[in-house]
Amino acid sequence: MLSELGFILITTFIAIVSCSTLSRALLHPSSVSHNVSRSSYFLTTNELWFNQTLDHYSHYDHRKFKQRYYEFMDYFRTPDGPMFMIICGEGPCNGIANDYINVLAKRFEAGVVSLEHRYYGKSAPFDSLATKNLKYLSSKQALLDLAAFRQHYQESLNVKFNMSSGGNENPWFFFGISYAGALSAWFRLKFPHLTCGGLASSAVVRAVYEFSEFDKQIGESAGQECKAALQETNKLLELGLKVNNKAVKSLFNATEFDVDADFLYLTADAAVMAFQYGNQDKLCVPLVEAKKNGSDLVETFSKYVREYCMRIWGLRVRSYNRKHLRNTVVTGDSAYRLWWFQTCTELGYFQVAPKNDSVRSQQINTDFHLDLCKSLFGEGVYPKVDATNLYYGGDRLTATKIIFTNGSQDPWRHASKQNSSHEMPSYIIKCHNCGHGIDLRGCPQSPMVIEGKSNDCSLVDEVNKVRQQMVENIDLWLSQCRNPTRNSI
C-alpha cells in the first residue's frame, strides 16, 4: 500500500483520503502541474484542532490529544445545508483538496470538513512511535474519532445557527478513498444514525492476508507484451543483484539497501504506480520498445523509476528501507512506519507474488512480509485479518446507502466490494487509465487533476456515467435524511 502513501504525500493530500498505499510512495507538492498555482490545488489549508479522546474503549483513561482538521464553508447553505465529511487516511492531511468533491459540494450547497487520521501528520498522540505507543492505532479507534468529531461539529453548528439539538441536525455524508474509503463504508455500517450515506471509493473493505490477486491484476492491466517485458526485467534485476549488487541499486539511487528483498519490493511498487494511477503508458511504451529493440531493460526501467516514480510521483527509497522504517521519532516520513503497523496487525494486504506467472519477484512472499513486521515491531505481531473481516464483514458487509466505486485497472479493487445491490450500488469504471480513486481524482490519478476532471480519461463517458449515478444516490439519500418518513435508515 506504499504507492498510495506516496500519492498522499506527493500531492500533500491530493486525495480525499489519502489515501494505499496502499503502495508506499507519498506525494509532494512539486509533483503537481507547474501550469497551475499551488493554491489552486486546495480549497483550504487553514489548520483547526479538536481535543480527541486517546482510548475510546477505556473507562478510566481520559487522556486527550490534538487532532487536526479543516473546514470549507463557502458553498454551505445556512442553516440546514448538508455537511460533507472527507476522511483522511494513511498519511498527512495538509488541506482539503480541490478534486471532484469540490464539484459535489457546489452542487449540493454543502459545507466540507476533513479530519486527519490519528497518529498521522500532526495528529500524533506521542512523541515516540515505539511499538508500545502504537496500541491505540487502529481502524476501530479511528471510526470512534470520526463519530466524536462529527458530534462535536454538529453541536457547534447548532449553537452557531441557534438550532435545537433535539433532532434538527444537518444531513451528513461521508467520503473516502482507499483505506479511508473503507473507513467511510465502515462508518456507515457502525454508525448509520450519524450519516445519511457514504461514498467508498476504491475502498479496501476486505482485509487480505496473502493478496496475490494484486499482482495478477497488474499483469492483466499491463497486457501480454508489457507483462512479458516486466517479467524479464525482474529476472535481470535478480541476476544483476547477484553479479554486481551495488551497480544495479545505483541505477535506482538505492545503494542504501542492505536487504535485497526490500529493494525488490521498491521496484515492484514502482511498476505498480503506473497502473494504479493511470499512467501505464509511461512504463509500458518504453519497456516494450526496449525489449523489441534488444535494449537494456534494466536501464530502461530504472529511467522510468527515476524520472517518473521518484521525480514526479514522489517514490522515496528510504520508505522501503527497514532501517529507516525502524525509526521511532515522529517525522514527516512517519506515515510509512504507521501504515506498516496497521497492515501488520489488522489489515494484511500482503502483496505476495503468485506461485505462477508472477510479475514481481518471488522473493516478495509471505515470509518477507512477516519478517518485515517482526523486524519493525518485534515478536508476536501478526495481521488478524480474520478478526477484522468478522468485525466488519469484509466484502460481504451488510449495510445500506453506501456507494462503492473502483477503477478497472486498479489492483486494489480485488479487496473492495464489487458486487452491486440496490442498497449498496457498486460501479466498476472501465477505461485504459481508470485506476485508484478514479471517480474523485479524474485521469490520471497522479499528478493531481483540478476538480478531478475526466477530460483525459480514455473513456470519458464511462467516468461521467458513474458520477451521475453517484449524484443521484447522494441526492436521494440526503433527501431521505431530511424527510425520514420516505425511508428508514
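User: Taking helices as DSSP runs of H or I of at least four residues and strands as runs of E of at least two, numbered from the N terminus, where is the place of N234?
Analyst: N234 sits in helix α5, which covers residues 212-243. This is a predicted model, in which local features need pLDDT of at least 70 and side-chain atom pairs count only at pLDDT 80 or more, whereas totals for chains, interfaces and linings use all residues. Residues are numbered from 1 along each chain as its sequence is written, and side-chain values use heavy atoms, with hydrogens and water left out.

User: Is N234 buried or exposed?
Analyst: N234 is buried, its relative accessible area being 12%; buried means under 20% relative accessible area, exposed means over 50%, and partly exposed is in between, using a 1.4 Å probe and protein chains only.

User: And which residues is N234 in contact with, leaving aside its neighbours within four places in sequence?
Analyst: With contact meaning heavy atoms within 4.5 Å, N234 touches T267, V359, R360 and S361. For V359 there is a further detail, in that its backbone oxygen lies 2.3 Å from a polar atom of the N234 side chain, where a polar contact is a pair of N or O atoms within 3.5 Å and, within protein, one must be able to donate a hydrogen and the other to accept it, while residues adjacent in sequence count only if both atoms are side-chain atoms.

User: Switching to the backbone, which residues does a cis peptide bond join, with omega about -5 degrees?
Analyst: That bond joins T78 and P79, and P79 is in the loop between β3 (64-72) and β4 (83-87). A cis peptide bond also joins S446 and P447, with omega about 0 degrees, and P447 belongs to the loop between α14 (438-441) and α15 (460-482). As background, most peptide bonds are trans, and most residues other than glycine have a negative phi.

User: What is phi of Y119, then?
Analyst: Phi of Y119 is near 80 degrees, a positive value in a residue other than glycine. Y119 lies in the loop between β6 (111-115) and α3 (139-160) and counts as buried at 2% relative accessibility.

User: Where does Y349 lie?
Analyst: Y349 lies in strand β10, residues 348-350, and its phi is also positive, near 60 degrees. Y349 is buried, with a relative accessible area of 3%.

User: Now N419: buried or exposed?
Analyst: N419 counts as exposed at 60% relative accessibility, and its location is the loop between β11 (402-407) and β12 (426-429). Apart from neighbours within four places in sequence, N419 is in contact with M424 and S426.

User: How many Å separate the C-alpha atoms of N419 and G294?
Analyst: They are separated by 44 Å, the two residues being 125 residues apart along the chain.

User: Zooming out, how many helices and strands are in the chain?
Analyst: The chain has 15 helices and 12 strands. Its radius of gyration is 22 Å, close to the 23 Å that the globule rule gives for 489 residues, so the chain is as compact as a globular protein of that length; the radius is taken over C-alpha atoms, and the rule is 2.2 Å times the number of residues to the power 0.38. Along the principal axes, the C-alpha atoms fill a box of roughly 75 × 50 × 40 Å.

User: And what percentage of the 489 residues is buried?
Analyst: Buried residues make up 62% of them.
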